Amino acid sequence: MARSRETSVSGDRQGGVADSRFFTRQGPFTGQALAEAAGGTYQPPQEREDTEHTYGGIGPLQSAGPTEVSFLDNRRYAPLLDGTQAGLIIVAPAFAKRVPASSAAIVSSTPYLAWSRVARMFHPAPAPKAGVHSTAVIEEGAVVPASCEIGPFVVIGRGVEIGENTIIGSHAIIGDGVTIGAHCRIGAQVVVSHATLGDRVTLFPGAKIGQDGFGFAVGPDGFETVPQLGRVVIEHDVEIGANSTIDRGSVQDTVIGAGSRLDNLVQIGHNTRLGKCCIVVSQAGISGSTELGDFVTVAAQAGLIGHIRIGSKARIGAQCGVMSDIEAGADVIGSPAMPFREFFRNVATLRKLSKKSAGGGQDGSGKDGD
Amino acid sequence: MARSRETSVSGDRQGGVADSRFFTRQGPFTGQALAEAAGGTYQPPQEREDTEHTYGGIGPLQSAGPTEVSFLDNRRYAPLLDGTQAGLIIVAPAFAKRVPASSAAIVSSTPYLAWSRVARMFHPAPAPKAGVHSTAVIEEGAVVPASCEIGPFVVIGRGVEIGENTIIGSHAIIGDGVTIGAHCRIGAQVVVSHATLGDRVTLFPGAKIGQDGFGFAVGPDGFETVPQLGRVVIEHDVEIGANSTIDRGSVQDTVIGAGSRLDNLVQIGHNTRLGKCCIVVSQAGISGSTELGDFVTVAAQAGLIGHIRIGSKARIGAQCGVMSDIEAGADVIGSPAMPFREFFRNVATLRKLSKKSAGGGQDGSGKDGD
Amino acid sequence: MARSRETSVSGDRQGGVADSRFFTRQGPFTGQALAEAAGGTYQPPQEREDTEHTYGGIGPLQSAGPTEVSFLDNRRYAPLLDGTQAGLIIVAPAFAKRVPASSAAIVSSTPYLAWSRVARMFHPAPAPKAGVHSTAVIEEGAVVPASCEIGPFVVIGRGVEIGENTIIGSHAIIGDGVTIGAHCRIGAQVVVSHATLGDRVTLFPGAKIGQDGFGFAVGPDGFETVPQLGRVVIEHDVEIGANSTIDRGSVQDTVIGAGSRLDNLVQIGHNTRLGKCCIVVSQAGISGSTELGDFVTVAAQAGLIGHIRIGSKARIGAQCGVMSDIEAGADVIGSPAMPFREFFRNVATLRKLSKKSAGGGQDGSGKDGD
């Protein structure tokens, strides 16, 4: 059966930005208005009449047209400036002169932040559709303000308290006694139990928050489960990615500090404490009772053992294996973790020695000749 | 309370193949018919009457009986040929003579493919049970053909279009505007939003497709979310594993090329593009805006940073950490990634130097003597 | 809108243990009674009247008060003994004399086990609330004893058999023909298919059990799926973490041995067999057809390739990459895996050579000077 849908599936690899099936759109806006919202400086086009010109949407440099806004944030894509048709381009000061003569620009020392605000102007986050779906189960004593959106098949337990304008997605389960702040977005198929959430918290689909930590003692007949009697405390403005897991504490709380951002498939063990504005990238894991300061970055697939302390503003590289405390502000990578500089020096040293060993007639084929 | 179920749980470690509680069964079939379906050559048994002999099912070499079919694909299991009772064995030409005298064989240069076809003959994939479960919620304007199977508690959003003979498993959530092709199998508790799926796509239980990518800018008062305005495009014949996560693009689409196979707990970042027939094994992660050619293999727990290009047919080893572009056809492993040969040479060199250091009377106990 | 909830979210980082919104409480108990339950020796306080003193709950050393019980298990927290107000402290014999004069103690050679029993006395696991929620879908022929608790939106397939006193959490899906033992706790949004579970099995929220393994053959037109015709057998007393994935076997069963404990986001491939009382920590993955003996530990983020054997009591370190068989009792770490001692000797050797290379005036800046 030939399907006309086929082309739309495999065909257009450039298209699809802000597809009207998925996103609402505001506008159009003038370049001046956008520059103001972005907190940047408007630079009119050199070779185009600018009067009454407005912009109706956004797009990548490769495909944006004369009535669309684009941006350059990553230096490696600078060559795309030469061929772009974008009518308005957000750039850092260093690239202001490379903007094509027919394009206007918004010049900003924080072009990615400026972009985020311009994109949000065209496509504001959807407001809650106030109301409780007829299939939702809301137990006795739960407080659910009329401004909230409660999706199909949601379960809200006894004594739950939810703040104003919060969205609870389809199939989400909010366990007995949980409190959730205002303006939160709880994704589809999230489970939250034994937890307290601040305002403006976003949990992406499938995140599991508050289940038992991994705790057991060796008994005479096998392992015996240690009761997990703490909670999860998620402070204001935290985001937690899809299918991530955050265990509740055993004898104190697991805490995710205000403003922190966790990506997908991240694991946070029991009693772990993150400070403010930490970043934990996809598939990283932090073991139990470890404490992070503020503004710590944990890159993808990194792992931290339990019971250690990571100082504020430390940066832990991708796939790093951290087995001991890390000082504030340190940059580490490798498994076991070491300073970035040391890691790459080691890589270079080993390569050199390996080449020498192979070049000197010895066996470097991967078999140990000793 | 003694339970008769107990033995079936802990007892029989060989059994259980094609348990009739879980799998339907076709047949029996003759060896000739099976060889034809498999695209292999039938080799009758040397010491057994072959007339009217038929086979009723399949099993592993260790436990298959005279009316069952088995196979040898992995050289390390060749010794099992000696003791097997299997009536018919699928083997590569190199093993044709090692088949027991009482067993027939199907000889094939692609024995695993042959096996897949024989197993499918006995146990074809179940067809959709056409109909919509009474508990499913289907929003206005959604197109759901009568040939589809829609499970309990499914939610299908506004304007969704689904092709013929597609199965939507229990509790799956298909967001507004999503299109799904024909003959797809959407697993239980899958969430799909902001996405377009081709035909014959399989999503395993718990996969989360189309949520916001991990994008935020540093603002004066903390992080500010960057709107994620792209889609996820999943081309024909793609399979995505249980609890995997695929973020939608920010200013372009995230694309999973036709025929690609992703395993469980895989993470795909925003704007990432996979070519045709890529393989991504369990717990691997690909960061945002990275592009893979066709037939790229990413082994288990490997990680790729963002904004790089991986050439077609490159193979990235397990736990590999890829920080820069990889040429077409290259085999890399290690963190940071390097050619296989170099990696194992490094391992050998370091072992040799370490032994020398320890043997020469220096401290090799794991403390740095400097 | 100022919310009084705010303080409770961001304020108290010490509190929250056994919050009455989430946990029921038994007691109070005397120190003697608790010591007996714990299997330890009661040591009365040196400087406090002990008559009729009872304890009403538990807490961490930092915040527990005179009517609360605490414990010291990890040597690194021993300094907390000096300042604690806890009325009763569970300690190993080595710390018995360091308990403050105003505190009683329970002295145990297995303090963590003792703690687990004391905590369980105060906060026993909640019993099932017998009954089937009105929204649950139970298909024909399923056996669900009246003692079970079946939550909202649960789906129980045809021919399913469940034992006494088992809890099936909200939105869990039990596929056709699955058997589940007595006293099991199946978490919210779990999916189980093609599987047999013993007694006292706990599956945490979002775990996905029994989906197809990752099996396909290369055909002339792309990959062809190999039918996955085995089951998952989960023996008694197994626990499996949140969002973990266990694929069913292809031609034999995937088996999780009695008493094993798997953490969150763990991947178990098809045909894999774990012996009794194995431990698999978060984000570790075990590839297809690999066999583990009994009491094997696989630490966080470790990966095992397929078709290998791991001997009983082997310990595989965090982030370890195991490419070949491991002997019983071995301790390995690194990628590729090697004995602990060798790994740390290598780390020290490389550090020394790198320093020498840098110190000798050569380029150690991370660029390869060759």
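**Helices and chains in a predicted model**

Modeller: This is a predicted model. Helix α2 (residues 31-38) of chain C and α4(C) have axes that come within 8 Å and cross at roughly 125 degrees.

Biologist: Why is α2(C) called oblique to α4(C)?

Modeller: Set the angle against the classes. The crossing is at roughly 125 degrees. Roughly perpendicular covers 65 to 115 degrees, and roughly antiparallel begins over 145. The rest, beyond the roughly parallel angles under 35 degrees, count as oblique. Therefore α2(C) is oblique to α4(C).

Biologist: What is the hand of the crossing of α2(C) and α4(C)?

Modeller: It is right-handed.

Biologist: Which residues make the contact between α2(C) and α4(C)?

Modeller: From α2(C) come L34(C), A37(C) and A38(C). From α4(C) come A114(C), R117(C), V118(C) and M121(C). Residues are in contact if their C-beta atoms, placed from the backbone, lie within 7 Å.

Biologist: How many residues of each class does the contact of α2(C) with α4(C) have?

Modeller: There are 6 nonpolar residues, no polar ones and 1 charged. Arg counts as charged, while Ala, Val, Leu and Met count as nonpolar.

Biologist: How many residues of chain B are in contact with chain C?

Modeller: On chain B, 66 residues touch 67 residues of chain C. The elements of chain B giving two or more residues to this side are α1 (5-10), α4 (111-122) and α5 (340-359). By class, the side of chain B that touches chain C has 26 nonpolar, 27 polar and 13 charged residues.

Biologist: What makes you say that the copies meet through different surfaces?

Modeller: Compare the interface residues. Only 14% of those of chain B are also interface residues in chain C, so the copies meet through different surfaces.

Biologist: And how many residues does the contact of chain C with chain A take?

Modeller: It takes 66 from chain C and 67 from chain A. On the chain C side, α1 (5-10), α4 (111-122) and α5 (340-359) each give two or more residues.

Biologist: Which domains does the assignment give for chain A?

Modeller: Domain 1 (20-122) and domain 2 (190-350). Their C-alpha centres lie 37 Å apart.

Note on methods: Residues are numbered from 1 along each chain as its sequence is written. Chains are lettered from A and ligands numbered from 1 in the order in which they are written. This is a predicted model: local features need pLDDT of at least 70, side-chain atom pairs count only at pLDDT 80 or more; totals for chains, interfaces and linings use all residues. Two residues are in contact if their C-beta atoms, placed from the backbone, lie within 7 Å. Helices (H or I, at least four residues) and strands (E, at least two) are DSSP runs, numbered from the N terminus. Domain bounds come from an automatic or database domain assignment. Axes are lines fitted to C-alpha atoms, for helices over the stretch in contact, and angles run from 0 to 180 degrees between N-to-C directions. A crossing is left-handed if the near helix is turned anticlockwise from the far one by less than a right angle, and right-handed if clockwise.
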